[in-house]
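User: Could you take a close look at one part of this model for me? I'd like to hear about the open sheet and then the contact between the chains.

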Amino acid sequence: MNRRQFLKASATASGGLLLSAHLPALAGVNAQGDASQINDVIEIASDGNISVYVVKQEMGHGIATGLAMIVAEELDANWSDVQVKFQTFDSNFKDFQDEFGRFDTGGSNSVDTEWNNMRTAGATAKAMLVKAAAKSWGISESDCRAKAGKIVNQNTNEELGYGKLAAIAATLQVPEVTTYKATKDYSIVGEPLPALKNRKVVEGTLEYGIDATVQGMIHAMVVRPPHWGGSIANFDASAARNVKGVIDVITLPEMPRDWVLDRGTRGGIAILGKSTWACMKARKELEVQWQDGPHARANSNELYAEYDKFKGERAWTSFEAGDVEQGYAQADKVIERSYTSPYIAHALMEPLNAIADFVDGKHLHIYAGTQSPGHSAHNLAKALKIEKKDITITPYHMGGGYGRRYFCDFMLEAALISQAAKLPVKLTWTREDEIQVGAYHPMRKDFMKCGVDKEGNIEAFELSAVSAHEWAGGEMSLDYGYKNIKLGSKRFENSPVVCGSWRAVVAHIEIFMREVFIDEVANEVGQDPLAYRLRQLQRPVPDTHTHYHKPELLKELAMRRRIYTKLMKEAAAMAGWTPDGSNKRGKNRGLGVAFTTYHAKSFAAQVADVEVIDGQIKVHNIYCAADCGLVINPNLVEAQIESSILWGLTPVLYGGVDIVNGNIKQSNFHDMPLARMKDCPNMQIKLFNEEDRMPCGVGEFAVVPVAPAISNAIYAGTGVRHRHLHMA
Amino acid sequence: MKTTIEINGEYVSVTAGDEDMPLLWLLRDELGLTGTKFGCGIGVCGACTVHLDDNPVRACSMTVKQAAGSKITTIEGLKDKEGNLHPVQEAWMQVDVPQCGYCQAGQIMTTVAMLKQIPNPTDEQIDQQMMNICRCGTYQRIRKAIHIAADTLAKNTVSEVQEAAPLYINAAEEIA
């Protein structure tokens, strides 16, 4: 439901201007009379300092700086006057009750959903400052011009700083603004400005959730059953209680979860102590025997064979047109392959943690880095059987989000412990906890089939995906041409572990498999993989589909293909690869290409330059051409692409996690390594905005082409084909 | 038994019975120096890197007892007496290295120590020495910042030498 928000102005106690955003009350529903507040947006202090209030959560992807830049541009602020403030999430906000609200940060959708809100706020504030100056000088508004934090009298060149004008502006009516600056006039948006928080990072003073303290708090750690569904058979806490600094040892119940988004908790034994170390020391002294749960004999290496049983089963057909069987019958050649991807952990550098004050069992205050204050509060209310209006979440910078911090399990545990202890509790997870109690990237197997005509053009294209998570089969959409298509997926119901969103989510796996398959098809029909893709992108698709996407997707196809073609050619040019030219670079060294979109917003093509040396995979170069619409900050966009490339590289070189007899085998970085400096390829990035589009999110899209480009490059260089995501 | 450690120029006493506590938790929980981070607890990720005298050590894997009598520098103690950033911190700002930022104190501390031993590292030496994990993948920028910092530190050393040189020349002229 999209009620248009409007802005309201008020004066601050210290002579400043505060602009806040409101949603008008629904007619006949809300008896509040006046609209209730959504959130503060801009505060201009009397000394000229400008605070931009951001509802999105900062996990290092630069969204706070980006959104502030959009405001500052329309406001014509002096960038050095601007700081960001984060909002506490509580019942003051009108969209508080929404299950997925504005505060929730994920899906690479922050910049495009906040773009208009932030532009409008900045432009509105500027209009009010202009009006205030005109009033102050007794001249017309058209004789006033905004420039870098001041309003200039065009006739006399007199200036009034925004700070001086704030109090007058606060008395004025808020105008409706419908025009914005032209992009050619931008002096802030489009500049490679550094992220605002980074001075504090290099000084060691940026506060993460794990650094926070609350008056009167105690510490806690939880020892959990080693697998979902396991429970405590018996335990002896006497040695643990004797550890200096330990306050108490209590049990926690398993909390219900559903398989979509709410992860619940496994329950276990909570150690309460006066310090983190007391809890860490005491947990080693705990003697526990665990009761096996139903997944106690699961082994991930056997699960792929289980997945084979579901080949062809489609609980969910996302896309269908024509008749693939007829397509195969008419095809000159039929190619069939299968691809696999393991469970993968998140391994955020800042282990999960939360401070909870749930002393009265009714009002909950959480202090934590979280991607989803709104959605978490929604689930916490359900799980704890309290009112959502009685939950407050104070957010912190996250030492990594990546989809894991979208879930509230660690907050739920902290709340339960606080309620039992009748004190505020700071719960810290160890690295072992974070790896072994995950919301994993799902294990998946895709069966793919393609029928081609004599020229190698795709007659029929079919996907049957089996995934431990129900999100599958929707990302293939329309890209390459075909006559007949059938895409569908089945969720593997018996996953021994809970799955969730892992950076780039479904696209990461689905497009890996598609881009390797297309490469194999190109090889089978004897065509250069780059040239083959470019040709198949021009092939027609039928008009009739049964699919869950909007019908507009068909109209979008022409734009997508233009962008893909441009980006692939650019990436290839960076790598020195011409279509129908050679993609071999030396003995056991070759180039591979892959492209993706992310929710049809941002697009990336990558060429990987990979050599296999004594059996070891060495990624020398990644060339990335990307189109994310209007670039707010090229420094931050490139940083996200670099980040995404390393993220995509880690599972290729080091794999995911294994389940052995029900338990996650890996426990820390000694047995679950991550990509390091020595693994880092030389990355070259070029940004485009070919279709003059509005800004689109960049947090995830560049993860996707990495794995397929590497598999394709290894094939080009060595003739060895990797069909499993973990290739080393 | 009293344990004293010098931390960022101040002497800190540790209560008896806590000698087996990792230095990391003394810094974070007892002294409120939360710039040094907890990442893995087994000395592998490097987020807890501090300096013991001039050497990089992993605070999660060194006990308070082992640190007794030593001089410890944390990220908070890296600035000079006037409050200026260390050239490595400046280089980090120039390249805009951090993303989530959680590993960066450890990256910076490791770099400062490395540059004392290897003032002008090659890329290969950087690969071997920089084992700290960055989950956000800022390695390409870290590498660039290391080269910039190495350059800056070399220039600072040169200018120190140049300031000393006139005395030598005067002395030589006098002798002549």
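Analyst: Happy to. Two strands count as paired if DSSP finds at least two bridges between them. Keep in mind that this is a predicted model.

With that in hand, look at Ala604(A), which stands opposite Ala626(A) in β27(A). The pairing behind this is between strand β26 (residues 602–613) and strand β27 (residues 616–627) of chain A, which run antiparallel over 11 bridges. Both belong to an open sheet of 5 strands in chain A, ordered β24-β25-β26-β27-β30, with mixed pairing. At its edges lie β24 (584–586) and β30 (682–688) of chain A, each pairing on one side only. From one strand to the next, the twist averages 25°. Helix α16 (residues 706–718) of chain A packs on this sheet and touches β24, β25 (589–598), β26 and β27 of chain A. The direction of α16 makes about 155° with that of β25(A).

Now for the contact with chain B. Chain A brings 61 residues to it and chain B brings 48 residues. About 4600 Å² is buried between the two chains, with carbon and sulfur atoms giving 57% of that area. There are 29 residue pairs in polar contact, both at pLDDT 80 or more. Edge strand β30 of chain A is also among the elements giving two or more residues to the side that touches chain B, along with α4 (198–203), α6 (276–285), α11 (431–436) and α15 (634–654) of chain A. The largest share, 10 residues, comes from α15(A). By type, the residues on that side of chain A divide into 30 nonpolar, 18 polar and 13 charged. The count of salt bridges between the chains is 5; one of them joins the side chains of Asp211(A) and Lys37(B) at 2.7 Å, N to O.

Technical notes. Residues are numbered from 1 along each chain as its sequence is written. Chains are lettered from A and ligands numbered from 1 in the order in which they are written. This is a predicted model: local features need pLDDT of at least 70, side-chain atom pairs count only at pLDDT 80 or more; totals for chains, interfaces and linings use all residues. Side-chain values use heavy atoms; hydrogens and water are left out. Helices (H or I, at least four residues) and strands (E, at least two) are DSSP runs, numbered from the N terminus. Axes are lines fitted to C-alpha atoms, for helices over the stretch in contact, and angles run from 0 to 180 degrees between N-to-C directions. Contact means heavy atoms within 4.5 Å. Buried area is the accessible area (1.4 Å probe) that two parts lose on being put together, summed over both. A salt bridge is a side-chain nitrogen of Lys or Arg within 4 Å of a carboxyl oxygen of Asp or Glu. A polar contact is a pair of N or O atoms within 3.5 Å; within protein, one must be able to donate a hydrogen and the other to accept it, and residues adjacent in sequence count only if both atoms are side-chain atoms. Ala, Val, Leu, Ile, Met, Phe, Trp, Tyr, Cys and Pro count as nonpolar, Asp, Glu, Lys and Arg as charged, and the others, Gly among them, as polar.
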